[in-house]
Number of protein chains: 2
Amino acid sequence: MTDVDRILAGDLRAMARAATAVENRTPVADALLASLFPHTGKAAIVGITGPPGAGKSTLVDQLTRRLRSQDKTVGIIAVDPSSPFSGGAILGDRIRMQSHHADSGVFIRSMATRGRMGGVAAGTLEMALLMDAAGRDVVLVETVGVGQDEIEIARLADVTAVVLVPGMGDDVQAIKAGLMEIADVYVINKADQAGADRLELELKAMLQISPRRGGLEVPIVKTVASEAQGIDEVLGAVFSIRAAKKTDNAVLWRLRLREMIRERLLDRLPLGELDDAATEVAARRQNPYTVVEQWLKKCGFA
Amino acid sequence: MTDVDRILAGDLRAMARAATAVENRTPVADALLASLFPHTGKAAIVGITGPPGAGKSTLVDQLTRRLRSQDKTVGIIAVDPSSPFSGGAILGDRIRMQSHHADSGVFIRSMATRGRMGGVAAGTLEMALLMDAAGRDVVLVETVGVGQDEIEIARLADVTAVVLVPGMGDDVQAIKAGLMEIADVYVINKADQAGADRLELELKAMLQISPRRGGLEVPIVKTVASEAQGIDEVLGAVFSIRAAKKTDNAVLWRLRLREMIRERLLDRLPLGELDDAATEVAARRQNPYTVVEQWLKKCGFA
C-alpha cells in the first residue's frame, strides 16, 4: 500500500507524514499532492477570519463539536499569523482545541507563516486539499484577519466567514473596505453583549450600499459561541452558500493557481543566476528592470 | 525636459506624478524607474518598524525634523498595514506628519497594502528608489511590524530599526523569533517609562545568545521621541550601520529582485491561459501541479 492509498483511506499517520512534507515544502509533497488531487473537491473548505478577540477559536471549537455530533469528520488548519507581537495570545487560544485531540475524526495542523517568504496561502490551500483527499467532510481554516497574507488565505477557501464582535464601533467603516470582498457570511459573535443589534444594522446598511459581486446574498448570523448558541445557523449558512457558489469554482481556481505559481516560482528561481544578477545590479552595472524583463520574456510573459 | 530629467532635478510635481504611477503600477512606471535606476544608490533607505503604539510616527517625525535641521532632504513612505481592524488609529497617527507638508524638503507618500495581491514590498521599494533618484538624502519607510508582508517590507530597506516600548514583558521572547533577523538597530522608545532598563537587559541577553549573522553588532538606542530625546543617537547608529553594511548590497538586491519578479510575474500571467487552466482544474480534468510545472518549465525553472 502506498502513502497515497493510505491517505485516501484516511490513515492518520500517513496524513501526519504528508502534512509535515507539505509544511516543509519537500519535493515529496508535490508528487503526493499531484496524485491526491483527482480525489479532492468533496470537502467544504471554510475560512474563519476576523480580528483578534472575536472568539474565532471558540467558534471553530463549537463548529467542530456540532459537525462531530453529525458524524462528519473535520480537519482544522490554524494559521499562525507570524506576528511577533501577538504570537503568545494566539497560541493560548489554540490550547483549547486540544479537547479534540483524542478524537481521530478531528485532524488539526497549524501553519506557521513566520519566516516564510510568501507561499503561506498556497501552503494552507495544499494542507486543505490533503485533508480533502483524506476524506475529511469539512476543513476549517482559522486565520486572524490582520495583514494581507492572512486575508489572501481566507480568499482561497470555498466559503469565508468573517467573525466580528459588538463594540468595534467606527471600525465597521474600516472593516468594510478590507473584508467586504472576501466575506461570504458575517458572524456576529458575543451577540449577547451590548451593541450586537447596532453592529447588525451597520452591516446590513453596508451590504445595501455595496452588495456582493455575483449577486449572492451575504447572511448575517448571530452567535454566542462560548454557549454554543447559533452554531447550527452558521453551518446552515455556510453550506447553502457553498452550494450556491459551486459554479464559481473556476474563479477560485484562478486565484489558487496564481498562488501556487507564485510560491513555486520563488522556490525555483535559479539561485546562481539570481546571485549574479544581484551583484551586477548592486554595482549599478545592470538595471533590475532589464533583468526582470529578461526573465519574464523567457517565460513568455512579456 | 522629460519627466526623468524633472525627477532627477527634484521637481516635486514630477515626483508626485511618478509616485502615483508607481502606486497604480502603470506601464509608465516601469519605464520611468528603469531610466531612474542608474541614478539611485545615494539615499539611505531606512525601515522603521515595530508594534502598534510603539511611537513609530512620532519617531519618524522627530528624525525628519533633525535631518531637516541638518539641511538633508527627506522622503517618507508610510505603509498602511491594510488591516481592516486597525486602519483608523494608524491614519490618525499619520495626520501628525502633516506638520511637514509646507516643507518642500519633505516628500511624503503612503502605500496602501489593502486589496493588493502581493507586490506591496516591491512597490514600496520602487517608491523609495524614486525618492532616491530625485535626490532625497534619506528615505524613511514606516511599517507596522504586524503580518508577514510588513516584515518583508522592512527587510528590503538598507537599514532597519525596530522600535519597542517598555512593558511588553514576556512578548520579548515572541519578538525575538520574528524580528531578530531584520533588526539592525533596536530603539527603546518611551525610555522614561518603567521597564526600559529591563527591556534593554533582555534585548542584550537575546543578542548574546543569537548574535546577528555577518557579525555586525546590533546597537540598542533609548529614546523619548515625544521629547526629542535620543534622536541624534538613532541617526548616528543608522548611518554607521549603513556604512558597515555597504558590502552586503548584493544580498539585499537578491531579495529585492525576488520581490520584483514575484510582483511582475503575477501582473503578467497570461489571463486567457490562466482562465482556461482554472476551468480545467476546477472540473478536475487537469491537475494544478501539472499546470504549474508546465509554466515553470517554460521559464526554465523546472
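This is a predicted model: local features need pLDDT of at least 70, side-chain atom pairs count only at pLDDT 80 or more; totals for chains, interfaces and linings use all residues.
Trainee: Take Phe37(A) and Trp253(A): is the pair stacked or edge-to-face?
Mentor: Start with the ring centres, which are 5.4 Å apart. Then look at the planes: over 60 degrees counts as edge-to-face. The planes of Phe37(A) and Trp253(A) are at 90°, so the pair is edge-to-face.

Trainee: How many residues apart are Phe37(A) and Trp253(A)?
Mentor: Phe37(A) is in the loop between helix H3 and strand S1 of chain A. Trp253(A) belongs to helix H11 of chain A. The pair links distant parts of the chain, and the gap is 216 residues.

Trainee: What kind of pair do Phe37(B) and Trp253(B) form?
Mentor: Both residues are buried. Phe37(B) sits in the loop between helix H3 and strand S1 of chain B, while Trp253(B) is in helix H11 of chain B. With 5.4 Å centre to centre and 90° between the planes, the pair is edge-to-face.

Trainee: Which residue has its charged end over the ring of Trp253(A)?
Mentor: For this we need a charge within 6 Å of the ring centre. One sits 5.0 Å from the centre of the Trp253(A) ring, and that charged end belongs to Arg256(A).

Trainee: How many residues does the largest nonpolar core have?
Mentor: In soluble globular proteins, nonpolar side chains tend to be buried together. Among the residues with the most contacts inside this core are Trp253(A), Ile77(A) and Ile77(B). Ile77(A) touches, for one, Met111(A), and its contacts also include Met127(A) and Leu140(A).

Trainee: What share of the residues in chain A is buried?
Mentor: Chain A has 13 helices and seven strands. Of its contacts with a separation of 6 or more, 79% are between residues 24 or more positions apart. Out of the 302 residues in chain A, the buried share is 58%.

Note on methods
Residues are numbered from 1 along each chain as its sequence is written. Chains are lettered from A and ligands numbered from 1 in the order in which they are written. Side-chain values use heavy atoms; hydrogens and water are left out. Rings of Phe, Tyr and Trp (its six-membered ring) pair if their centres lie within 6.5 Å; planes under 30 degrees apart count as stacked, over 60 as edge-to-face and the rest as tilted. Helices (H or I, at least four residues) and strands (E, at least two) are DSSP runs, numbered from the N terminus. Buried means under 20% relative accessible area, exposed over 50%, partly exposed in between (1.4 Å probe, protein chains only). A charge sits over a ring if NZ of Lys or CZ of Arg is within 6 Å of the ring centre and within 35 degrees of the ring normal. Contact means heavy atoms within 4.5 Å. A nonpolar core is a set of buried Ala, Val, Leu, Ile, Met, Phe, Trp, Tyr and Cys residues joined through side-chain atoms within 4.5 Å. Lists of a residue's contacts leave out its neighbours within four places in sequence.
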